[in-house]
Amino acid sequence: MERHEFSALIGRLERQADDNPQLYALKVGALAALGYASIFVLAIVILVTCWYTFSPLLSGERFRAPLVVACAVGLMTLVGMVRALWVRIAEPSGLRVTREETPQLYAAIDEVAAKMGGVRVDSVSVSSEFNACIVQTPSWGIFGNYRNHLEIGLPLAMVLTVDELKAVLAHEMGHLSEAHGKFGAWIYRQRVTWHALESKFNNPVGIFDQILGAFYGWYAPYFYAYSFVLARNHEYVADRAAANVTSAAAIGAALTKLDLAGRFLSEVFWKRLYDQVEKQPDPPYMPHAVMPRAFKAAERQWARPDWLQQSLKRYAADDDTHPSLAERLAALDIEPSTPVHEPERSALSLFHPATTSLVKYFDQEWQQDTAPKWRKRHTEIMEAKAKLSLLEDAQTAQLNDQEVWEKALLLLEIDREREAMEVLEELLSRNGEHARAHLLMGRMLLDHNDDRGLKHLLLAVEQDLELTDEAGRAGYVYLIRRGREQEAKRFWAKAQDLYENPRHLPDSMVD
């Protein structure tokens, strides 16, 4: 199912759910049951066959040989199908922590779990992600027996207070509690399992994977779409459950910090660190060690009214079951406000006495993974600068086409994109064909939401037919993601027309 088809289907299903929630829930339940239909139908056929095979023994009659063979084949088929549906979902990849290592954290988890009706948590791990989640892993594939694995991101604990982290934990446990009702919690689990099955059948390893993949490859996306509406509603239910066992203020502040502090990490903190790769051959500091101080020192950079207003105006993504921040706060009847960072009440205290060792562990893990890439990137930048300095000694107009092209690529290599685009414009103004330059310019313009990039993509196709698929898809995806479905289809058709009729560029795309 294409992205635009999925979005359109979600829109229709949301209207159906609003018009008749009970009927919609029945449809989702029926679709969920359909996923088990192949197994149950086959099992019934085998049971009936076995009955007709062995029931004559009760009256002294002979075996019916053909039916015995049918039973054996049916049983082998059933076993093969069940094994194919025995999907495994990976547990969280974070570092497991025990009750002895983090007694205060476990006490907080126990407190929240008890208030949520006794939700069982089978394991707890800590990660370097700015997030918290509960991952359910089925021991019996689609047939259940789930284990609950809680993962808490250390950076998240650095910015949230203890009460706010408890609210986040209550939200995650809310997905598993009776807050959704048994049906809602079951659907929540099925979404995870069927999604994992879809991924498994995309790479079949046996005959049964191939057979079932034909059905479940169609089924899983539709079940995911139909249950999407319920899943989004589950987020509201989990928020209300968290507000009931903690407070609306706590979950509201946590949601706001998740949005704003998360943006700070991705757009400021990590970017500022990785920008140093050009200047230093090794990372200048360990990120997790300085992160708590960074949240406090840069509080005005993330706990900002303008960022909050931008977040409140942002819509939920079509493929994200989480509603927007504005929708979630409104559902909790909370007036949005700029969060206050309180490091002295940080949830990081819950990890004592293992806090220092956890920070050190994730910094060492980051350094082991990053240091080789960092040094490689630093060397590449230094080499690119050295080559670029030779080309920059001459005016661009004095360079031949190949040298101009190399100059543009070197500028991109050291993240001087604007200058690279200016050099590309110089190259494209010259006589001759520069298909790769048109393709690159087209992609860069589209990255800046500039429709002029579409013309460059078509010029790339006209000058090099081997670029048809790459250029055509780039333009098609750009238009689809902006909801311009008809234009996307016309663009794809024009790219194909150029391929089938070389050297012919439609006039409508040149003007």
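Reader: At what angle do α9 and α12 pack, and how are they oriented to each other?
Author: This is a predicted model, in which local features need pLDDT of at least 70, side-chain atom pairs count only at pLDDT 80 or more, and totals for chains, interfaces and linings use all residues. Residues are numbered from 1 along each chain as its sequence is written, and side-chain values use heavy atoms, leaving out hydrogens and water. The axes of α9 and α12 lie 10 Å apart at an angle of about 110° (axes are lines fitted to C-alpha atoms, for helices over the stretch in contact, and angles run from 0 to 180 degrees between N-to-C directions). Angles under 35 degrees count as roughly parallel, over 145 as roughly antiparallel, 65 to 115 as roughly perpendicular and the rest as oblique, so α9 is roughly perpendicular to α12.

Reader: Which residues of α12 meet α9?
Author: Helices (H or I, at least four residues) and strands (E, at least two) are DSSP runs, numbered from the N terminus. Contact means heavy atoms within 4.5 Å. On the α9 side, the residues taking part are T256, D259, L260, R263, F264, E267 and V268. Their partners in α12 are W307, L308, Q310 and S311.

Reader: Within what arc do the buried residues of α12 fall?
Author: Buried means under 20% relative accessible area, exposed over 50%, and partly exposed in between (1.4 Å probe, protein chains only). In α12 (residues 305-313) the buried residues are W307, L308, S311 and L312. They line one face of the helix, because seen down its axis (using the directions from the axis to the C-beta atoms) they fall within an arc of 135°.

Reader: Which exposed residues does the other face of α12 carry?
Author: The buried residues of α12 are covered by elements including α9, α11 (299-302) and α13 (325-331). The face turned away from that buried side carries the exposed residues P305 and K313.

Reader: Which residues does F264 touch?
Author: Residues up to four places away in sequence are not counted here. The remaining contacts of F264 are F269, A294, F295, A298, Q301, W302 and W307.

Reader: How many bridges join β2 to β4?
Author: Two strands pair if DSSP finds at least two bridges between them. β2 (residues 123-127) runs antiparallel to β1, joined by two bridges, with L95 opposite V126. β2 runs parallel to β4 (residues 146-153), and S127 stands opposite G153. The number of bridges between β2 and β4 is five.

Reader: Which residues of β2 are buried on each face?
Author: In a regular strand the side chains alternate between the two faces of the sheet. In β2, five of its five residues are buried. One side has S123, S125 and S127, and the other has V124 and V126.

Reader: Is T102 buried or exposed?
Author: T102 sits in the loop between β1 (95-96) and α4 (103-115). Leaving out residues up to four places away in sequence, T102 touches V97, L350, F351, H352 and A354. Because its relative accessibility is 0%, T102 counts as buried.
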